[in-house]
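Let's go through a fold together, with a few questions about its strands and rings.

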Amino acid sequence: MSNAVPKPISRWALTTLAAASLLGSAGCAATPTPAPGAEGGSGETSSPATDGAEARAYADGTYTATGSYQTPGGEESIGVTVTLESGAVADVSAEPMPSNPTTEQYQGKFSSGIKDEIVGTPIDELNVSKVSGSSLTSGGFKEAIDQIKGEAAQ
Amino acid sequence: MSPAALQHSVRFEAIGTTWQIDTLAELSAGARAAVVGLVEEYDGVYSRFRADSRIAGLAYGGTVELPPHGEHLGSLYRTLYRLTEGAMSPLVGGSLEQLGYDADYSFTPAGSPCSAPVWDERFDWTGNVIKAQAPVILDVGAAGKGQLVDLVSQTLKAFGYAEHTVDAGGDTIHHGLPITVALEHPYNTGSAIGVVPLADQALCASASNRRRWSDGLHHVLDATTGRCVDKVVATWVLAGDALHADALATALFLVPPEILLAEFDFEYVRVHSDGRAQFSSSLAGALF
């Protein structure tokens with residue numbers, strides 16, 4: 001992972017990228033857009049916002065599509081991969097295809113890394129000031145859980 | 001030890017979690033009283049677990065006026081309600097009770113999961129005024145703690161404690177020299193999956209490993225279905241304030257980061273139930 005300091009993103013970049021992100025916005029509401037394989041090729045520029053408005057049923061699988069958007073420096077593209085499971089979006093990732101360094105910087109923010117399997121390291125062995133996880137449970141919650149565990153054990 | 005270590009600590013229990021405030025100099029009695037008063041007041045307004053809280057009145061419908069900061073909470077919830085297509089909602093209280101997470105901590109589901117009411121149909125939260133035309137059970141657990149962390153931080157600043165850490169059960173804001181924070185493993189609380197540096201930012205976490213009362217039942221719900229979310233098991237968000245970090249950490253259970261990055265500036269780690277972790281590429285720190 002890089003040590004890059006987070007940089008503020010200008011508004012126009014976010015607004016234009018938002019159009020590409022609609023590919024993944026369907027969530028459980030269905031209508032993600034699969035790769036336009038039927039139209040030939042795997043990277044045809046599409047207009048995700050309009051495609052997503054139609055209700056269709058799609059087979060499960062992984063689809064990749066390329067979205068384009070306008071920037072002050074010209075048209076840019078971003079590749080989006082969507083995995084469908086049971087008709088709903090199970091995973092979405094975005095692959096930047098920058099044609100200039102400025103866009104790369106903005107798209108780098110937009111895309112994410114994936115770590116295949118997280119590995120645990122004992123907290124005691126780490127030199128840390130704090131631990132951040134789920135909220136420590138309240139007294140009442142903890143008591144009730146202990147009670148349930150006690151009853152379940154009998 | 002670093003010369004600027006925040007070595008004076010105060011610990012207390014409030015809103016269902018343990019708080020720790022670290023400062024350079026010992027907190028004055030006045031500052032302490034202000035913090036305690038603030039936390040008590042917030043709890044008195046928003047607690048779903050208190051029959052005498054201000055929002056408890058909404059269980060009969062009607063109008064409730066919140067403190068001025070209620071406006072920020074409401075407008076952030078409204079934005080996230082839109083971005084998650086209704087999956088993240090403060091109206092989820094009834095759905096949580098249906099699954100057994102009620103004021104008595106019964107942990108006994110009352111029936112099948114039920115979806116939360118639709119925001120604009122019978123519910124309006126404009127400015128710091130909430131109007132409910134029908135009974136609603138408000139639960140601001142997804143963002144309220146973060147906002148309270150910010151309010152405590154602001155109070156500390158007002159009392160002259162510019163450098164401080166406020167840690168509410170792992171939801172933390174820190175001002176001062178960077179500290180290193182471990183990210184707790186969602187399946188093994190004795191270990192960490194990574195570390196991040198924290199300075200002049202907030203770090204909040206959401207996970208379904210705690211506050212889980214029986215197989216498959218925990219506190220992170222999709223409000224549109226009333227069902228628990230199980231594809232994502234833990235999230236962390238680094239943002240400028242704890243209100244946003246807390247709220248976005250929950251929103252990441254419900255929608256992919258891209259949706260939220262379109263309108264918010266933040267760093268994140270998101271752990272899926274299969275053990276994979278997704279993270280913002282500019283995140284400083286390390287995942288193991």
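Two strands pair if DSSP finds at least two bridges between them. Strands here (E, at least two residues) and helices (H or I, at least four) are DSSP runs, numbered from the N terminus. This is a predicted model, where local features need pLDDT of at least 70 and side-chain atom pairs count only at pLDDT 80 or more, while totals for chains, interfaces and linings use all residues. Residues are numbered from 1 along each chain as written, chains are lettered from A and ligands numbered from 1 in written order, and side-chain values use heavy atoms, leaving out hydrogens and water.

Q: Which residue stands opposite B:His174 in the pairing of β6(B) with β7(B)?
A: β6(B), residues 164-168, runs antiparallel to β7(B), with 5 bridges joining them. Across from B:His174 sits B:Thr165.

Q: How many residues of β7(B) are buried?
A: Buried means under 20% relative accessible area (1.4 Å probe, protein chains only; exposed is over 50%, partly exposed in between). Both faces are covered, with B:Ile173 among the residues on one side and B:Thr172 among those on the other. The count is 5 of 5.

Q: What is the geometry of the B:Tyr81 and B:Trp119 pair?
A: Rings of Phe, Tyr and Trp (its six-membered ring) pair with centres within 6.5 Å; planes under 30 degrees apart are stacked, over 60 edge-to-face, the rest tilted. Here the centres are 5.2 Å apart and the planes at 55°, so the pair is tilted.
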